[in-house]
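Welcome! Below is a short tour of the pockets and surface of one protein model. Take a moment to look at the structure before reading on.

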Amino acid sequence: MSLSCWCYMLGLITVLGAGAVLALPQAASRALNALPRNAVAGYVLSAVAWIWAGYAVHSMDLDIINPYKQYLFGVVPVCMVLTCLWMGNLLPCRAIGGILALFPHELLYTARSHLSAWRLVLVVLAYVAVIEGMVFILYPWKLRQMIVWFTARPALLRAAAALKLLLGLLLIALGATALK
């Protein structure tokens with residue numbers, strides 16, 4: 001996927017999420033507060049994270065991993081089931097952390113060959129996402145605490161959503177201009 005497509009995709013996700021919070025702040029607040037304990041969301045997000053992890057390992061060309069790649073199609077579903085059984089508490093927070101830690105794999109691979117200096121915006125965002133992902137995997141209650149803290153302050157929640165909306169629009173603009 002090109003860097004322009006990454007900008008469009010990340011910008012669209014950011015704009016839609018921030019727009020939902022700005023358009024329906026009370027419903028978004030309730031949904032955000034319910035997310036950390038939502039079992040179905042945890043199962044779905046965990047499955048996405050494990051499939052993505054399997055893809056990332058499969059796409060790596062490391063001599064130590066290559067002999068074991070054939071087992072990934074059996075290991076990934078087993079890991080999905082075991083994660084849901086053993087880590088049910090705050091599973092959506094851990095799964096979001098896994099997705100945040102994994103998505104920069106392809107993005108950084110694409111960004112390193114682009115000539116524009118504006119690619120560094122995406123590189124910085126990717127590394128911030130990796131760090132956030134590691135924190136949310138290790139300390140899932142931190143995401144829950146952040147959600148509670150922001151939703152208890154509606155004005156701050158709207159301000160953060162407005163900043164995310166601007167970031168999403170910036171990413172879309174970068175995808176349409178400098179990183180095309």
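## Pockets and surface

The lining of the second largest pocket is made up of eight nonpolar residues, three polar and one charged. In this sorting, Ala, Val, Leu, Ile, Met, Phe, Trp, Tyr, Cys and Pro are nonpolar, Asp, Glu, Lys and Arg are charged, and the others, Gly among them, are polar. Please keep in mind that this is a predicted model, where local features need pLDDT of at least 70 and side-chain atom pairs count only at pLDDT 80 or more, while totals for chains, interfaces and linings use all residues. Residues are numbered from 1 along each chain as its sequence is written, and side-chain values use heavy atoms, with hydrogens and water left out.

The second largest pocket holds about 270 Å³ of space. Its lining includes Ser46, Trp50, Thr83, Arg94, Gly98 and Ile137. Helices α3 and α5 each give two or more residues to this lining, and α5 has the largest share, with five. Helices here are DSSP runs (H or I, at least four residues), as strands are (E, at least two), numbered from the N terminus.

What is a pocket in this report? On a 1 Å grid over the protein atoms alone, a pocket is an open set of points with protein on both sides within 12 Å along at least five of seven lines, and its lining residues have an atom within 4 Å of a point. Grid points are joined across faces, edges and corners, and the volume is the space filled by probe spheres set on the points.

The largest pocket contains about 1500 Å³ of space. It is lined by 34 residues, and those closest to its centre are Ile13, Ile96, Leu100, Glu132 and Lys164. The lining divides into 30 nonpolar, two polar and two charged residues. The largest share, nine residues, belongs to α1.

Now for some single residues.

| Residue | Relative accessible area | Class |
|---|---|---|
| Leu16 | 56% | exposed |
| Trp141 | 36% | partly exposed |
| Trp50 | 28% | partly exposed |
| Lys69 | 14% | buried |
| Leu90 | 5% | buried |

Leu16 sits in helix α1. Although 148 residues separate Leu16 from Lys164 in sequence, their C-alpha atoms are 9.7 Å apart in space. Trp50 belongs to helix α3, and its C-alpha lies 28 Å from that of Val21, 29 residues away along the chain. Lys69 is found in the loop between α3 and α4; from there to Ser116 the C-alpha distance is 35 Å, across 47 residues of sequence. Leu90 is in the loop between α4 (72-86) and α5, and its phi is near 60°, a positive value in a residue other than glycine.

Finally, which residues form the nonpolar patch on the surface? They are Ile131, Met134, Val135, Ile137, Leu138, Tyr139 and Trp141, with about 650 Å² of accessible area together. Helix α7 (residues 119-138) gives the largest share, five residues, while Trp141 lies in helix α8 (residues 140-151). Such a patch joins nonpolar side chains (Val, Leu, Ile, Met, Phe, Trp, Tyr) within 5 Å, from residues with over 30% relative accessible area and no salt bridge. A salt bridge is a side-chain nitrogen of Lys or Arg within 4 Å of a carboxyl oxygen of Asp or Glu. The areas come from the Shrake-Rupley method with a 1.4 Å probe, and for residues only the protein chains shown count as cover.

Definitions and conventions
Patch = residues over 30% accessible without salt bridge, like charges linked within 9 Å, V, L, I, M, F, W, Y side chains within 5 Å. Buried < 20%, exposed > 50% of the residue type's maximum accessible area, 1.4 Å probe, protein only. 1 Å grid on protein atoms, 1.4 Å probe; cavity = no way out; pocket = protein on both sides within 12 Å on 5 of 7 lines; lining within 4 Å.
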